[in-house]
Amino acid sequence: MKRLEALTVLNDVFGSDPLVITCGASAREMASIARKKTHLPLLDSMGLTTSIGLGIALGHSGRVGVIDGDGSLLMGFSILATLKAYAPKNLIVVVLDNGQHASADQMLSQASVVDIAGAAKGLGLWVAECENASDMKKHIEARSHADSVSMIFVKIEHGNTANIPFYLADPAKLSSDFVESFSS
Amino acid sequence: MKEANSRLSALVDGLTDWGIEYFVYVPSSHSAPVIRKLDALGVPNVMANREEEAVGIAGGLTLTGKKVAMILQDNGFGNALTALATFAQSYHTGFPIFANTRGGLGEYNSMIHSISESAPDLLKKLNIRVEELGISDSPEVWRSSSNAVAKLAVIQRRPIVMMFESLHPGMETIK
């Protein structure tokens, strides 16, 4: 599965729920699919995506989604222990794992040689692993009324979608739109 | 377990006057009395493992409309700088950050000043406002200033740092 296909499904399945999207190609490709006030794309802040999602999930009563990448998750890997410690049941973290830093000249990430899903399992987190869109969607829907935080690791193909323009949004506007979405 | 002295208690009072709803912290012996007192008052909290993680969690909570404070020690700002600049500042997440200072009079650690002394300048270079509370300020000033910093951070939609001077609990008994 290509990232663009995964993002198309994630945009659909999370609907109007808050969705934090990691930086680089993920944010750009999602913006090419949809721009919603409930989306919080990060324009930098690599390694922070799941931390921000945890904060939002603790402050919000409804379902919250996070789209992280293997490289970004590895950059802030300590968040996994914090996720387990606080385990908000309304948070679903989807890790799109291509085993590379696709936005950094496609250098291989350490996820290409270590089992990051296994590490999450080892911390006691609820983890699912899948490789296609229908299984990913099934897991998200099944975990929408779960009793703890969910982590879904999805294998995707290497590389980025061609001809996606840079995403030049104003982060302050993205933020104010996102905040507004909670009251609408 | 170290109890809060009158100034640290006043800092907590300033935050409860504000209506604090959550706090995110990185453990510190100097800040422990503040953390423990807020926890004892029933304020929900998250312990983060790293300072940038704390910035992400506190910023996320702020986006949901919660009144959130972050508590850490000033030698952790090196870890937090990129998160503060690219997320908290850029995405206009307004929350106060309370940081106990290290490396000053009464310090027992021989090297911690190497980052702590520069922390205010590093933050100011990022256009993050830094306020200070010292042991020569009265408890009343600690209470009103911590309250004012929290309010200003929310109004201005940006993180604001309050550096507070606090001797190590073990050193406060040395004559």
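Biologist: At what angle do helix α1 and helix α7 of chain B pack?

Modeller: The model is a predicted one. In chain B, helix α1 covers residues 6-18 and helix α7 covers residues 139-156. The axes of these two helices lie 7 Å apart. The angle at which they pack is about 35°.

Biologist: Which hand does the crossing of α1(B) and α7(B) have, and how do the residues of the contact divide by class?

Modeller: The crossing of α1(B) and α7(B) is right-handed. From α1(B) the contact takes residues including B:Ala10, B:Leu11 and B:Trp18, and from α7(B) residues including B:Trp142, B:Arg143 and B:Ala150. Divided by class, the residues of the contact of α1(B) with α7(B) are seven nonpolar, six polar and six charged.

Biologist: In what order do the elements of chain B run from the N terminus?

Modeller: Chain B has seven helices and six strands. Read from the N terminus, their order is α-β-α-β-α-β-α-β-α-α-β-α-β.

Biologist: What radius of gyration does chain B have beside that of a compact globule?

Modeller: The C-alpha atoms of chain B fill a box of roughly 45 × 35 × 25 Å along the principal axes. For 175 residues, a compact globule would have a radius of gyration near 16 Å. The value for chain B agrees with this, and it is 15 Å.

Biologist: What share of the residues of chain B is buried?

Modeller: Consider the contacts in chain B with a separation of 6 or more: residues 24 or more positions apart account for 78% of them. A residue counts as buried if 20 or more other C-beta atoms lie within 10 Å of its own. Of the 175 residues in chain B, the buried share is 49%.

Biologist: How many residues of strand β3 of chain B are buried?

Modeller: Strand β3 of chain B spans residues 68-73 and is mostly covered. In a regular strand, side chains alternate between the two faces of the sheet. Accordingly, one may look at each side: B:Val68, B:Met70 and B:Leu72 point one way from β3(B), B:Ala69, B:Ile71 and B:Gln73 point the other way, and all are buried. The number of buried residues in β3(B) is six of six.

Biologist: In which sense, parallel or antiparallel, does β3(B) pair with strand β1 and with strand β4 of chain B?

Modeller: Strand β1 of chain B, residues 22-25, pairs with β3(B) over four bridges, and B:Tyr22 stands opposite B:Val68. Strand β4 of chain B, residues 96-100, also pairs with β3(B) over four bridges, and B:Leu72 stands opposite B:Ala99. The sense of the pairing is parallel for β1(B), and for β4(B) it is likewise parallel.

Biologist: How far apart in space are B:Glu21 and B:Gly65?

Modeller: B:Glu21 lies in the loop between α1 and β1 of chain B. B:Glu21 is partly exposed, with 15 other C-beta atoms within 10 Å. Leaving out residues up to four places away in sequence, B:Glu21 touches B:Lys66, B:Lys67 and B:Val68. B:Glu21 and B:Gly65 are 44 residues apart in sequence, and their C-alpha to C-alpha distance is 9.8 Å.

Biologist: Which element gives the most to the side of chain A that touches chain B?

Modeller: The contact takes 25 residues from chain A and 22 residues from chain B. On the side of chain A, α3 (49-59), α5 (79-86) and α8 (171-183) each supply at least two residues. By class, this side has 14 nonpolar, 10 polar and one charged residues. The element that gives the most, with eight residues, is α3(A).

Biologist: Why is α3(A) largely enclosed by the rest of the structure?

Modeller: The buried residues of α3(A) include A:Thr49, A:Ile52, A:Leu54 and A:Gly59. Helix α3(A) is largely enclosed because its buried residues number 11 of 11.

Biologist: Is A:Asp105 buried or exposed?

Modeller: A:Asp105 is in the loop between β5 (100-101) and β6 (107-108) of chain A. A:Asp105 has a positive phi of about 60° although it is not a glycine. With 7 other C-beta atoms within 10 Å, A:Asp105 is exposed.

Biologist: Is A:Ser45 buried or exposed?

Modeller: A:Ser45 is in the loop between β2 (39-41) and α3 of chain A. A:Ser45 is not a glycine, yet its phi is positive, at about 55°. With 27 other C-beta atoms within 10 Å, A:Ser45 is buried.

Key: Residues numbered from 1 in each chain as written. Chains lettered and ligands numbered in written order. Predicted model: local features only at pLDDT ≥ 70, side-chain atom pairs only at ≥ 80, totals over all residues. Contact = placed C-beta atoms within 7 Å. Nonpolar A, V, L, I, M, F, W, Y, C, P; charged D, E, K, R; others polar. Rg over C-alpha atoms; globule rule 2.2 N^0.38 Å. Buried ≥ 20, exposed ≤ 12 C-beta atoms within 10 Å, placed from the backbone. Axes fitted to C-alpha atoms, helices over the stretch in contact; angles between N-to-C directions. Left-handed = near helix turned anticlockwise from the far one by under 90°. Pairing = 2+ DSSP bridges.
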